[in-house]
Amino acid sequence: MSGLYESIDEFLNKCSESGDSAYSALRSLLERLENPETRIAARVFFARLQKKLHDDGASSQHCLQTYHFQIQDIYLQPDEGYQNRKKLTMMVIPSIFMPEDWSFTFFEGLNRHPDSIFKDRTVAELGCGNGWISIAIADKWLPSKVYGLDINPRAVKISWINLYLNAFDENGQPVLDQENKTLLDRVEFYESDLLSYCRDNHIELERIVGCIPQILNPNPDAMSKIITENASEEFLHSLSNYCALQGFVEDQFGLGLIARAVEEGIDIIKPMGIMIFNMGGRPGQGVCQRLFERRGLRVNKLWQTKILQASDTDISALVEIEKNNPHRFEFFMGLVGDQPICARTAWAFGKAGGRISHALSVYSCQLRHPNQVKKIFEFLKNGFHDISNSLDLSFEDDSVADEKIPFLAYLAGVLNDSSGFPYEPPIGSKRFRDLIAGFMRTYHHVPLSADNVAIFPSRATAIENALRLFTPRLAIVDEHLTRHLPRQWLTSLEIEDKKDNKSATEGITVIEAPRQSDLMIELIKKLRPQVVVTGIAPFEAITSSAFEHLLRVTREIGSRLFIDISDQFELSSLPTSIGVLKYLARTPLPSHAAIICGLLRNQVYTDLEVAFVISEEQTTFDALSRSVELLQGNTALISQYYYGCLFHELLSFQLPDRRPPAERDAEDVKSRDMIGFSSSAISVLSQSELSVRETEKTSILHMDVDQIFLPTPTPVKAAIFESFARQNVTESECDVTPNLTQFVKYAYNFTVEHTAEVIYADFPLALFNKLVLCCIEEGGSLCIPAGSNGCYLSAAKFLNANIVSIPTQAELGFKLTEKQLSLVLESVNKPWVYISGPTINPTGLLYSNAEMKSLLTVCAKYGARVIIDTSFSGVEFNSKGWDGWNLDACLTGKPSFNVCLLGGLFFKIPTGGLAYGFLVLKQGFLADSFHSFLGLNKPHSTIRYTAKKLLELGEQKLDLTGVAQEQGIMLATRFNRLKETLEKCGWEVIEACGGVSMIAKPSTYLGKSIKLEKDGNTWEAKLSDTNIREAMLRATGLCINGPSWTGIPGYCRFTLALEDGDFDRALDCILKFKQLVK
């Protein structure tokens, strides 16, 4: 060829020197093929070269050994390709993958697809080798574009040569297909580590095919070399036979590279795209299939056969895997053997000269929930690769997949898009309540809004809270709904009014009744209860007649009615008709009635519950929703997310406002006087400082909430997602107790003996309230220091506990002292002492070990039971000289002393707002009494799994240690900034040492006037203890806790753990308030 080689013999002589020389000569010819001016001559040269080799009778093997290349024809079926092309002309060199049974079987599998599979599609082939499959796909199916990709740079160059050899005939003329295009228009080859070329160039694919190595390299170090076209032939050839460890669980079967290819494919394939892979059956068909299924792909086996194991592939790596793994690989003796043998036996048989074979299958797979699965893997690749090995999206039941995959995608979005968990009001997430109301409007035609829906942790909680709110003398409860009620209510015989009205505990008597409406109504008429809680029998549930009858009878008698529809309520696009909701669609709910619905009917988690209550009477609704804040604290956010996702899936495809709002006819019927709220409930609801509710027109900055709004650490996000991504989690994997006992020992030197009992709840407040009930049951007095958590004090008042306030002094930072405690306990019968520590909420001060020892000594002297609340401890920043606690030493010599440890994991471990409460009851400490108060909402298994993972990380001092230190530094900085701002604005600040809150006194503001004008309305007031909180909220939108909450006259509380932007805005609000006050 003019200007390059004078003759074919010169070219062959050059090639015969070495493999590198042959590659260099072929690369020079490729340059001529790429140049349109020299392309014809170069193609003719190749034709003459092939003819000479044929005429000389040189075999393919001889060419490969002598000239370090070979040109071969791959014969396709007679009717393949345009104009019945029967063959492809292909060149190979020793350093790339040779076409053999492995790739031929793969193409046979591709042939089993219909002709439309690749037509006009964008296709990528992984591990294209010499490019013959990419070229064959383009030749037969006319795709829009085929990208042949290989990590071996020499393979890419040879593929381009082969493309030119088949795009032009022997005379150098283009071969046009029926669309008047050549193969050059359809095929391109690029050096690429799997799909990196397509990813980097933002190419979306519709089809991905791959023939990828599936045996680990016996020499792992060899795979770490830099891949260049000047690397040795042996190394480059090994790339087509072996793979390196990829960091996937499938590495143990040699399938790690395919696993990575699948996950990269999920990222860039179009939603309805198809991936097709060649899979050696050595690990077993089940293992191969699971690789795809656990990643959310539907699998179809296109073709299966047996092929001989390539003689140049060393399977010793598989033998090593079998040594440390119960799994056995599958080989066969020859092609006719039908009994599988393990890798070790196959290796020995091969060494002895035998031929071994293995199954070879071609799998076609497609995403079952494309958009959601893509979102899940997008989340995993953003720093969460380690948990991808726990992901399991394989489901035998499509209904389970239809529920869980969208939720995982939603959870991935929440964790990926948000730095931390947002504030959600105790009444429940606004989004979740909107979704429930939307479902009611859309599917049951009940015109509700979020303002009629309150969220509860469970149905049992909603029922117990309702009964505690009204404290009826007598209640009739459906026998199916009494399982979680306190035993005392179910065993009391006091069903008549006491004339002296001296019931100290305002005891409730519950009578169990059958659900059948006629029997229930007969009992109601005879016993005349003040509250009725019942469901509707299945045979009566479809129509509204039984419900209407209950409404009439309870209205006439003066009973409040709570109807449970949990058993009939379905989360479905075709929900069963419910008579109660039929009634609500045409008539507003009467003021004396409310509806309770527990959500338990999901497809995945039988124990994941949340409930909602519907009431259209504002006063009752407000009080019921406040009961969650007082008795449980909140409803677990994850539970609201899960069911919110189910509601969203059922509403997302509906056209909004397609039907006009239903018009309902209100019944103009007066009810008899009903029982009101209990006296303790009235007192708390009217006088205590509770959460402020946002409206559509208001946006509130919350410095009044005991929650963490700091960024959620990556290990926490990973643990949360993994807890839902896994399937078949064992109970031992969720057993937090062994780790928690270690945690308590490390944090407070408090030994948890095997006789002690550890109890869990979603929030520590719920556990505290059960202890308060035990105190009431015992006839004890709850002694609480002035300057304690206002939520806890309000809860104890709501439960009607006998509360004794222990005075504290400003000069001592409002800390409890030995002297003040002794003075109080001298005159108290059966004292229960509440101590918040080491970090005191709300002041942020710390109790030293010596201080704690003296307090416990006083408590032991007077036989007091002690509740040590560590819930707000764990983040100490101004703690120089504080050496922590040694509770074991403090309690030495006090064997009869009753102490329990209350706590949570959200401060000591930086969980980013994930709540988890625990209570350690020492031996004999009212365990029986505590368990008699049922209805405690325990954390779901996924939350327990998350907590265990985080505790294990804490034990290993991995990941979370640095985050905890960073949070401590951040909170110290924030305290100093807030202190500086407050003092600049005239507040007296008490120096805090830890926790997430501090207190300050608005000295310069008290007695001054403020006047606010907004929307044509004027609000004017003289500032005092009672209105400083309201004034700041109205003036700036910043919500703090006032003196009525802190229990310290004149002092307000500010929390520090806000999101960064919110904290900055809160400081601006404090400055703004100063400017507004005269």
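Predicted model: local features only at pLDDT ≥ 70, side-chain atom pairs only at ≥ 80, totals over all residues.

Ser997 belongs to strand β27, which spans residues 997–1001 and is joined to β31 by 4 bridges, the two strands running antiparallel.

These two strands are part of an open sheet of 3 strands, arranged in the order β26-β27-β31 with antiparallel pairing. The edges are formed by β26 (988–989) and β31 (1052–1055); each has a single partner strand, so one side of each is left without a neighbour in the sheet.

## An enclosed strand

The pairing of β4 with β3 (residues 122–126) is parallel and comprises 5 bridges. Within this pairing, Val123 has Val146 of β4 as its bridge partner.

## Overall organisation

The protein contains 38 helices and 31 strands. Of its 1078 residues, 60% count as buried. Its C-alpha atoms fill a box of roughly 120 × 70 × 65 Å along the principal axes. Among contacts between residues at least 6 apart in sequence, 76% join residues at least 24 apart.

The domain assignment divides the protein into domain 1 (69–367), domain 2 (381–417), domain 3 (430–493 + 505–686), domain 4 (730–958) and domain 5 (972–1076). Between the C-alpha centres of domain 2 and domain 4 the distance is 37 Å.

## Two helices

Helix α22, residues 579–586, is mostly covered, with 6 of its 8 residues buried. The buried residues are Gly579, Val580, Leu581, Tyr583, Leu584 and Ala585. They pack against α17, α21 (545–557), β15 (560–564) and β16 (593–599).

Helix α31 (residues 849–861) contains Thr857. With a relative accessibility of 38%, Thr857 counts as partly exposed, whereas Val580 of α22 is buried. From C-alpha to C-alpha, Thr857 and Val580 lie 59 Å apart in space, and they are separated by 277 residues in sequence.

## The second largest pocket

The second largest pocket holds about 900 Å³ of space. It is lined by 38 residues, of which Tyr423, Glu424, Pro425, Lys430 and Glu694 are the closest to its centre. By class, the lining comprises 16 nonpolar, 9 polar and 13 charged residues.

Which elements each supply at least two residues of this lining? They are α17 (430–444), α23 (618–631), α24 (637–651), β18 (701–702) and α38 (1060–1076). Helix α17 gives the largest share, 5 residues; this helix is also among the elements against which the buried residues of α22 pack. Because domain 3 and domain 5 both contribute lining residues, the second largest pocket lies between them.

## Enclosed cavities

The model has 8 cavities of 30 Å³ or more. The largest cavity contains about 180 Å³ of space. Of its 19 lining residues, Leu631, Gln632, Ala766, Lys770 and Gly935 are the closest to the centre. Two or more residues of the lining come from each of α18 (459–470) and α28 (764–778). The lining divides into 8 nonpolar, 7 polar and 4 charged residues. Domain 3 and domain 4 both give residues to it, so the largest cavity lies between these domains.

The second largest cavity has a volume of about 80 Å³. Its lining consists of Phe97, Met98, Pro99, Ser103, Glu125, Gly127, Cys128, Gly129, Asn130, Trp132, Ile133 and Cys211. By class, these are 7 nonpolar, 4 polar and 1 charged residues.

Conventions: Residues numbered from 1 in each chain as written. Heavy atoms only, no water. 1 Å grid on protein atoms, 1.4 Å probe; cavity = no way out; pocket = protein on both sides within 12 Å on 5 of 7 lines; lining within 4 Å. Points joined across faces, edges and corners; volume = space filled by probe spheres on them. Nonpolar A, V, L, I, M, F, W, Y, C, P; charged D, E, K, R; others polar. Domains from an automatic or database assignment. Buried < 20%, exposed > 50% of the residue type's maximum accessible area, 1.4 Å probe, protein only. Pairing = 2+ DSSP bridges. Contact = heavy atoms within 4.5 Å.
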